[in-house]
Structures are given as C-alpha cells and as structure tokens.
Amino acid sequence: MTTQRRTTALIGDDNRVVVGGKTLTWRTLHKLPQLPSPAAVLVDNGADALAAVRHHAVHGTELLVATSSRVDPSMREELGESGFAVVIAKDDEHSVTPAKLKRVEESGRVWLLTSGSTGRPKRIGHTLETLTTVRGQQQPRTWLVPYSPGTYAWWQVVTLSLTQADQGLVVIEPSELETWPLIAAEHGVTAASGTPTFWRQTIYRDTEALAKVPLEQITLGGEPVDQAILDRLKEIFPQARISWIYASSEVGASIVVHDGKAGFPKAWLDRVPDPESERPLLSVDGDELVIASPHHGAGLDGAVRTGDRVEFVDDRVLITGRLDTDEINVGGSKVSAGLVRNVLMAHPAVAWARVFARKAPLVGRMVAAEVVANPELGPITDADLVQWCTNRLPDYGVPRRIRFLAEIPQKETLKSDV
C-alpha cells in the first residue's frame, strides 16, 4: 500500500557524477523502472545504487539499498515478510519479488543494514535528513566514493552530494579498487573518505600513484584510527586536512577530529550538549563508549551503548576495538589488542597488523598477531617485531606468535578483521 507523494527538487542534481566509466550528473543518471515502495533494492554496481537513491529523494519512497552479496536468501525472505518488495537491479533490467506482507509505507524512510560486526546485520531506520550531517556551505570538491552501496559511510558522501552544490562524486567499483588513484587523478578528486585498511592497502600497493591525486581533504573512519596511518598520510599529503570520524548506523556521525591525533580529547567527555551545533553527548561506562546523538537511527534516542572499547592515554580517549574481542586476558593480566596493534603498526616496516588472542597452556590465552610487511623497507622477522614490542609493552602484551601475510586483507566494507 502506498501513500500520496510529491516530488522534490534536489540542490545537488547538477553535480558531476563519474560512475561506470561515464561522466554524468545526478539528473542524467539512468532511470530505474518505477520502483515499488517499500523496496529493498539490491545492486551490483554504483550507478544502480545512485539511481535508486535519487528516485527515493525525489519521490519520498521507503528504501533499503545494499549490494546483492550482503543480502543472502534468508535475509531476502525476511525482508519480504517485513513488507519490502525485493528488487534485483541490473542496469536497465530488474526483477521484483513482491512483498509477502502488505503494509503502509513509511514515506521518506531510509533503511541501513549494520555492518554485522556483532552478528547478523540489523536494519536501522533513518531519513535523508538524519543522514545529512554536513549542513554548512562547503567549498567545491570532488569526492571519491569507494564504499559499498548502502553502508553508512557511503550514505554520508552520497547525501553530501545530493544536498550541496558543487560536490561531485567519482564512484569506485570493487573491480577498480586496486587502481583507484589513477581514476581519481584523472577526474580531479580532491576529497576522499576510507577506512584505515583502505588507506593502508593503497599505500602498500602504490604510494607514488596515490601522491598524484590532488587531495585537499582526507577522512578516515569505520575502524580504529591509529597515529601511524595519520602520520603516514600527512607525509604524503602535507597540505591536506586529515580528519577521522566515529560513525555508525545506530548513532550517526558522532565524533569528528581534525587535529591529526589518534583518539579524541578527554575534555570532550560529558560535555553539555549544544542544541544549535547538534553536538552528541559522549561518555564512558566502564571501558565502553556511550553516545547520545541527534543523528541516531529511528527508535535509538537517548544514550546508546556502542559496544566499542576505549583506553585513556594521557589526555586522549582512544577507541581500540570491539568490547568482545579487544581485551585479551593473559594469565589474569589484561591487555588491549588495539594498543598492541598500534605498537606493531608504529614499526616503519609494518604495513598492516591484526592482533588477537590464542589459546596457550598455563596462562589460558596469549597475544598473537598477523602482519603484512612494508616491501619498500626490506625484510623483517618475527624476532625483530618481538623485540620492538618488548621495548614498548609489558611482557604479557608482547605477541608470542606472529604470522606474516602476503597482502592486506580487505572485506567488501573496506574493513579488515582488526
């Protein structure tokens, strides 16, 4: 069942959009056939995802957009039972499986799937208004869009281009991830957002090509952000502003840091919210980050327990990882996997690292690590890294098993299991 809707003009409709090898605008994107509402639109390319978003923005439909690979058959069944028509979009063709439950649409509702870091992805409700967190007038920029369609980070860049003039997009498909700096340089990309893993992998593959991209704004998020990657990006782009953002489908973009340092100032905790600036309230309960945000998803008003673990280091609050995996108990002594990872990645010959617990006799658990070495700085051994960590960590925090990988692993979400 649908309701009466009126079409809406879009401020960013004439912004440039480079996608699928074509230079278009939002207005000239190919049109998907009339979409039902509510609809879960499953795509395998960026052009179809953007076309679904523009249709939603103009007509005020109820929409969930995601890549086909993220929505398995059982989840598609669940969506149908929840009132969504499931649309498989592919260029000018699409198939529609009608909803199994007939219900009134929630006009203007946008649904996001969580990353699934705590298990099966959940649906979080938003609107274009709650997803649009950049509201002040922006200087003209061309943004890289490497994220998987439908993720919160993808929506952040997409809504910026929809709602602001002179904010172009260059969409990177999965098949283009290895060569994105060449595409970005060709189209004059001046701003790019990606996970730390995304930036590390690009530096690992071709630092020279990356340095030719005329970046003025670099943003990191989606994973714990450490000082080593911030410093490395500053070396490559000394004139760019480098920011990191803490954001999630549940609480929106809640922490934005521009000072080039990992973590955020301790003074930001428990500040009185400022309604005019829409500043979230940040607090810590035990070791867990708690956020009350005006950008929250539907039904998540008030304080939300993020499930992310923090450590206090001097006057900074570092987000080290998930509560259920970050703390490693070694014979009663506890160490943060994130802090050990930061120590490893501070080594100049380490391009990437993952730290985790491994079963051990007597102490129950020990610290282990997987590492990708920087090929430009010669060979490195596990003994070198053990010595490096021994000089910087308590004995129980030193990795006792280190395995070297040939490449930096990266998921569809641009994250790795750190």
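The model is predicted. The domain assignment divides the protein into domain 1 (26-125), domain 2 (177-322) and domain 3 (327-404). The largest nonpolar core has 82 residues, and a second, separate core has 22 residues.

**Domains and annotation**

- Between the C-alpha centres of domain 1 and domain 3 the distance is 42 Å.
- An unreviewed UniProt entry places the feature "domain: AMP-binding enzyme C-terminal" at residues 342-413.
- Residues 342-413 are 18% helix and 35% strand, and the end C-alpha atoms of this span lie 21 Å apart.

**Nonpolar cores**

- Within the largest nonpolar core, of 82 residues, Trp154, Trp199, Leu220 and Phe264 have the most contacts.
- Helix H1 (residues 46-59) gives the most to this core, namely 8 residues.
- This core lies between domain 1 (26-125) and domain 2 (177-322), because both give residues to it.
- Beyond its neighbours within four places in sequence, Phe264 is in contact with Trp244, Ile255, Val257, Leu269, Leu282, Leu289, Asp315, Arg316, Val317 and Ile319.
- The second core, which is separate and has 22 residues, includes Ala337, Ala349, Val350 and Ala369.

**Aromatic pairs**

- The count of aromatic pairs comes to 6.
- One of them is Phe84 with Trp111: the ring centres are 6.4 Å apart and the planes are at 80°, so the pair is edge-to-face.
- This pair links distant parts of the chain, 27 residues apart, with Phe84 in the loop between helix H2 (73-81) and strand E5 (85-90) and Trp111 in strand E7.
- Phe84 and Trp111 are both buried.
- Phe198 and Trp199 also form an edge-to-face pair, because their planes are at 75°, with the ring centres 5.3 Å apart.
- Phe198 and Trp199 are both buried, and together with Trp180 they form one aromatic cluster.

**Arginine side chains**

- Arg123 has its charged end over the ring of Trp111, at 5.9 Å from the ring centre.
- Arg392 has its charged end over the ring of Trp388, at 3.4 Å from the ring centre.
- Arg109 lies in the loop between strand E6 (93-97) and strand E7 (110-113).
- Arg109 counts as buried because its relative accessibility is 17%, under the 20% cut-off.
- Apart from its neighbours within four places in sequence, Arg109 is in contact with His56, Thr61, Glu62, Leu63, Gly125, His126, Thr127 and Ala298.

**Backbone features**

- The peptide bond joining Ser37 and Pro38 is cis, with omega about 0°.
- Pro38 is in the loop between strand E2 (22-25) and strand E3 (39-43).
- Leu362, a residue other than glycine, has a positive phi near 70°.
- Leu362 is in the loop between strand E22 (350-360) and strand E23 (364-373), and it is exposed, with a relative accessible area of 93%.
- Leu414 is not a glycine either, and has a positive phi of about 70°.
- Leu414 is in the segment after strand E24 (401-404), and it is buried, with a relative accessible area of 0%.

Conventions: Residues are numbered from 1 along each chain as its sequence is written. Side-chain values use heavy atoms; hydrogens and water are left out. Helices (H or I, at least four residues) and strands (E, at least two) are DSSP runs, numbered from the N terminus. Buried means under 20% relative accessible area, exposed over 50%, partly exposed in between (1.4 Å probe, protein chains only). Contact means heavy atoms within 4.5 Å. UniProt positions are given in the numbering used here, feature names are shortened, and annotations may be inferred rather than shown by experiment. Rings of Phe, Tyr and Trp (its six-membered ring) pair if their centres lie within 6.5 Å; planes under 30 degrees apart count as stacked, over 60 as edge-to-face and the rest as tilted. A charge sits over a ring if NZ of Lys or CZ of Arg is within 6 Å of the ring centre and within 35 degrees of the ring normal. A nonpolar core is a set of buried Ala, Val, Leu, Ile, Met, Phe, Trp, Tyr and Cys residues joined through side-chain atoms within 4.5 Å. Domain bounds come from an automatic or database domain assignment.
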